[in-house]
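Hi,

Here is the structure I promised to pass on.

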Amino acid sequence: MTENHHHQIKQSSSTKRIAVKVDDLTVAYNYKPVLWDIDLEIPEGVLMAIVGPNGAGKSTLIKSILGILKPLAGSIRIYNKPYSKQRALVAYVPQKGSVDWDFPTTALDVVTMGTYGSLGWIKRPRQRHKKAALEALEKVGMLPFKNRQISQLSGGQQQRIFLARALVQNASIYFMDEPFQGVDATTEIAIINILKELRKANKTVIVVHHDLQTVPEYFDWVTFLNVKKIATGPVKDIFNDDNLTKTYGINYKVSVQE
Ligand code: ADP
């Protein structure tokens, strides 16, 4: 019995795997540091908001983790390996408007490209890739637009297409840079439902988020950022006026509905 008991305690106290680990990260543009000595551990399976004022370095943090920007110092691990070895595990939905869609391609093409992953550009998509793409379009409510040129969709619709593309990638970790920016209420609900579904599947979802009011409703984990990391952890423990004030620099109060 003692042994059994011991085993149970061991199991229940076993910590979650760390999906993303950032150590001593410092990033600068033109020698001006915009992220300063960031340490961050993101456990597997959380739905995490990154919050902080404009210019806090939220996008820079994501781009550094994804190897798009080269840091001055520090290391990034994705499931304990460098990002370059873990690309297939990671999906990224960039900020709306950050992609210029000059070339003619349909919504379905964009999503189907997401399924390529290891296939590369040369091979033609197979039937199952197309089927997965159509299912994802259905999920984000964009099936009726599958043959529309991506450039002829609204910003919010393009955002949904990107989300569908991230879904077919079947990644373990999702990074999204302000997915709710400028989308209507219906799209916002559709997106948050998909994010919650991803969490249920034990995916790790990391979202740059601006609407502080919805943090407790949408997310279970939060990182406060303003050049430095102010705090990171469960929303229920650390989403409070103290951390908001430290991050936003004014006496900040958010009325949280209990
Ligand atoms: P956030 O996403 O929190 O609004 P960013 O990560 O976009 O912040 O930007 C952090 C800081 O870095 C800001 O001061 C911004 O002006 C600066 N910055 C961002 N991109 C560049 C760039 N390409 N060149 C120079 N400075 C930049």
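By class, how many nonpolar, polar and charged residues does the shell around the ligand have? The count is 4 nonpolar, 5 polar and 1 charged. Before you go further, bear in mind that this is a predicted model.

Now for who is in that shell. Tyr-29, Val-34 and Pro-53 are part of it, along with Asn-54, Gly-55, Ala-56, Gly-57, Lys-58, Ser-59 and Thr-60. If you want to know which element gives the largest share, look at helix 2 (residues 58-65), which supplies 3 residues.

With Ser-59 it's the backbone instead, where an N or O atom is 2.9 Å from a ligand oxygen. Ala-56 also comes in through its backbone, with a polar atom 3.1 Å from an oxygen of the ligand. As for how covered the ligand ends up, it exposes 560 Å² when taken alone, and the protein buries 58% of that.

The other thing I looked at is a pair of helices. Two packed helices are described by the angle between their axes and the distance between the axes. For helix 6 (residues 155-168) and helix 7 (residues 185-200), the axes come within 11 Å and cross at roughly 15°. Angles under 35 degrees count as roughly parallel, so that is how helix 6 and helix 7 run relative to each other. Their crossing is left-handed.

Cheers

Terms used: Residues numbered from 1 in each chain as written. Predicted model: local features only at pLDDT ≥ 70, side-chain atom pairs only at ≥ 80, totals over all residues. Heavy atoms only, no water. Near = heavy atom within 4 Å. Polar contact = N/O pair within 3.5 Å; in protein donor to acceptor, adjacent residues only side chain to side chain. Areas by Shrake-Rupley, 256 points an atom, 1.4 Å probe, with all protein chains shown as cover. Helix = DSSP H or I, 4+ residues; strand = E, 2+ residues; numbered from the N terminus. Nonpolar A, V, L, I, M, F, W, Y, C, P; charged D, E, K, R; others polar. Axes fitted to C-alpha atoms, helices over the stretch in contact; angles between N-to-C directions. Parallel < 35°, antiparallel > 145°, perpendicular 65-115°, else oblique. Left-handed = near helix turned anticlockwise from the far one by under 90°.
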